[in-house]
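Please read these notes with the model open beside you. They are meant to be checked point by point.

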Amino acid sequence: MNNKTDIANRDDIILLVNTFYDKIKKDDVIGHFFTDVAKVDWNKHLPIMYNFWENILFYTGNYSGNPMQAHKKVHNLSPMNQKDFNHWVKVFTKTVDELFEGKKAEEIKERATNIAQVMMFKTLSH
Ligand code: HEM
């Protein structure tokens with residue numbers, strides 16, 4: 001029996017983001033960008049990511065940042081490549097599929113894939 005539900009609210013986004021970054025912290029391919037290169041302060045980063053995704057799925061208007069600039073900074077410290085971005089998308093997609101099913105779940109995977117594409121292009125081409 002399948003009892004997965006769709007992403008319905010901020011609590012669902014919090015669960016998704018927390019689960020995703022728990023995996024990322026331990027990830028062999030891209031974990032080091034977060035833990036060693038950017039030395040991410042998770043208490044700050046996670047709420048930013050809740051807002052980022054909540055705004056994308058539910059138009060809350062509560063994210064005002066510059067993701068392109070954030071990644072450029074990381075890239076300048078330690079270059080990222082296409083494989084890294086593809087891996088990010090793979091782990092994100094897998095996390096969504098493990099937890100949710102429905103229209104918003106499909107939408108967030110599609111948006112993540114598209115943003116990753118633009119981000120990769122902008123980060124790697126300048
Ligand atoms: C290889 C892939 C990626 C790596 C290694 C990566 C890594 C990072 C790191 C290290 C930060 C900075 C955190 C901090 O210093 O507080 C960051 C911020 C962020 N990332 Fe990524 N990222 C990747 C892909 C993506 C993708 C595909 C998205 C969106 C779909 C995304 C969305 C964001 C956002 C929204 C921020 C916060 C920017 C802000 O401070 O407003 N990242 N990322």
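Notes on the predicted model

1. In helix H1, the residues Asp12, Ile13, Leu16, Val17, Phe20, Tyr21 and Ile24 are buried (buried means under 20% relative accessible area, with a 1.4 Å probe and protein chains only). Viewed down the axis of H1, these buried residues fall within an arc of 150°, so they line one face of the helix; the arc is that of the directions from the helix axis to the C-beta atoms.

2. This is a predicted model, in which local features need pLDDT of at least 70, side-chain atom pairs count only at pLDDT 80 or more, and totals for chains, interfaces and linings use all residues. Residues are numbered from 1 along each chain as its sequence is written, and side-chain values use heavy atoms, leaving out hydrogens and water.

3. The chain has six helices and zero strands; helices are DSSP runs of H or I with at least four residues, strands are E runs of at least two, and both are numbered from the N terminus.

4. The buried residues of H1 pack against helix H2 (31-37), helix H3 (42-58), helix H5 (82-99) and helix H6 (103-124). Contact means heavy atoms within 4.5 Å.

5. Leaving aside residues up to four places away in sequence, His87 touches Asp27, Val29 and Ile30. His87 and Val29 are 58 residues apart in sequence, and their C-alpha atoms are 7.5 Å apart in space.

6. Buried residues make up 38% of the 126 residues in the chain.

How values were computed. Buried < 20%, exposed > 50% of the residue type's maximum accessible area, 1.4 Å probe, protein only.
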